[in-house]
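The sequence and model are shown first.

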Amino acid sequence: VSAGEKYVAAAYGVVFVAVLVYVAIIAAKLARLERETAELAELARRRDAGG
Amino acid sequence: LSTSSPNNPRSASRVPLVAAAAAGLVGLAIVFAFFVAPEDADQGISQRIFYFHVPIALTAYACFGWGALKALLLLWRREERYDLESYVAVHQGTIFGALTLLTGSIWAKASWGHWWLWEEDQLVLFLVLFLFYSAYFMLRFSIEEGPRRANISAVYALFGVVLVPVSFLAIRLAENVIHPTVFTRDGPQMTGTMFLTFCIAWLAMSVLAYALYRVELLGKRLDANLRELREALTS
């Protein structure tokens, strides 16, 4: 592998990793939102049951 | 400021479609960059970084411009949703700006033998633009949430956009040109296939940025709605 090829792979790799990290952050956020939604649904159910 | 608007269901349902289009276009751009575009006689394989580096830089400029437009709309129409939209656009611009600096630095090392050249005005001006918008977040999160924060953030985003044409033109006006200028008054200085590859890559980056913008906006609005719901349920 030539030096030029290594640099090209590094440049494209940086973009790929950045998108991957972004997707991972969004996935973590979605998981948190799902947890919060479940908590709020439970809260609403308890409120309803309590009258 | 008026209250935040909820996620538009029709707009939200388009997000997977935009994301799929972005993935397809990025894949197509990679195929064109590596298997269709001819190798540059001057720079060899390292010139292929151009197909991602320049579209990423142009997308960063577009995101900052979009953020400024939303900031202007906030100051004009006083609707809170523009604050979030401006913030997300600036965030996207900063991500693409960081990628411009990283890919540019790698390309510089491959072509010039240096990671960075401080005497190159165009590089320094892009760094100034990037740092200016990085400081936007420090300013924004140092102020308590509310109309004051929205207004100050909007004014800052509007000031920053002035640097975009300065940074863009610096590449053309600089006298000691090491940074290549591909688009001149005589048109693009490349073959037809290279230009087509560049256009596909530019479209791919623009659609990718738009997809990320919609996804982030969707998440932030969901977050805000859940916060409001929690307050309503616990009060």
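## Area buried between the chains

Buried area is the accessible area, taken with a 1.4 Å probe, that two parts lose on being put together, summed over both. The model here is predicted. Between chain B and chain A the buried area is about 2400 Å², and carbon and sulfur atoms give 77% of that area. On the side of chain B, the residues that lose the most area to chain A are Leu226(B), Arg230(B) and Leu233(B); together these account for 25% of what that side buries.

Counted by residues, the contact takes 33 from chain B and 23 from chain A.

## Polar and charged pairs

The rule finds 2 salt bridges across the interface of chain B and chain A. In a salt bridge, the side chain of Arg230(B) meets that of Glu39(A), at 3.0 Å from N to O. Arg230(B) is also one of the residues of chain B that lose the most area to chain A. Residue pairs in polar contact across this interface number 7, with both residues at pLDDT 80 or more.

## Makeup of the chain B side

Four elements of chain B are named as giving two or more residues to the side that touches chain A: helix H2 (15–36), helix H3 (50–77), helix H4 (81–112) and helix H8 (192–234). The most comes from H8(B), with 14 residues. By class, this side of chain B has 21 nonpolar, 6 polar and 6 charged residues.

## The cavity

How many cavities of 30 Å³ or more does the structure hold? There is 1, and the space in the largest cavity is about 70 Å³.

Both chains contribute to its lining: Val15(A), Ala18(A), Val19(A) and Tyr22(A) from chain A, with Ile56(B), Ile95(B), Phe96(B), Leu99(B), Met205(B), Leu208(B) and Leu212(B) from chain B. Helix H1 (3–50) of chain A, together with H4 and H8 of chain B, are the elements that give two or more residues to this lining. H1(A) supplies the largest share, 4 residues. The lining of the largest cavity has 11 nonpolar residues, with no polar and no charged ones.

Key
Residues are numbered from 1 along each chain as its sequence is written. Chains are lettered from A and ligands numbered from 1 in the order in which they are written. Side-chain values use heavy atoms; hydrogens and water are left out. Contact means heavy atoms within 4.5 Å. A salt bridge is a side-chain nitrogen of Lys or Arg within 4 Å of a carboxyl oxygen of Asp or Glu. A polar contact is a pair of N or O atoms within 3.5 Å; within protein, one must be able to donate a hydrogen and the other to accept it, and residues adjacent in sequence count only if both atoms are side-chain atoms. Ala, Val, Leu, Ile, Met, Phe, Trp, Tyr, Cys and Pro count as nonpolar, Asp, Glu, Lys and Arg as charged, and the others, Gly among them, as polar. On a 1 Å grid over the protein atoms alone, a cavity is a set of points where a 1.4 Å probe fits but cannot get out, and a pocket is an open set with protein on both sides within 12 Å along at least five of seven lines; lining residues have an atom within 4 Å of a point. Grid points are joined across faces, edges and corners, and a volume is the space filled by probe spheres set on the points.
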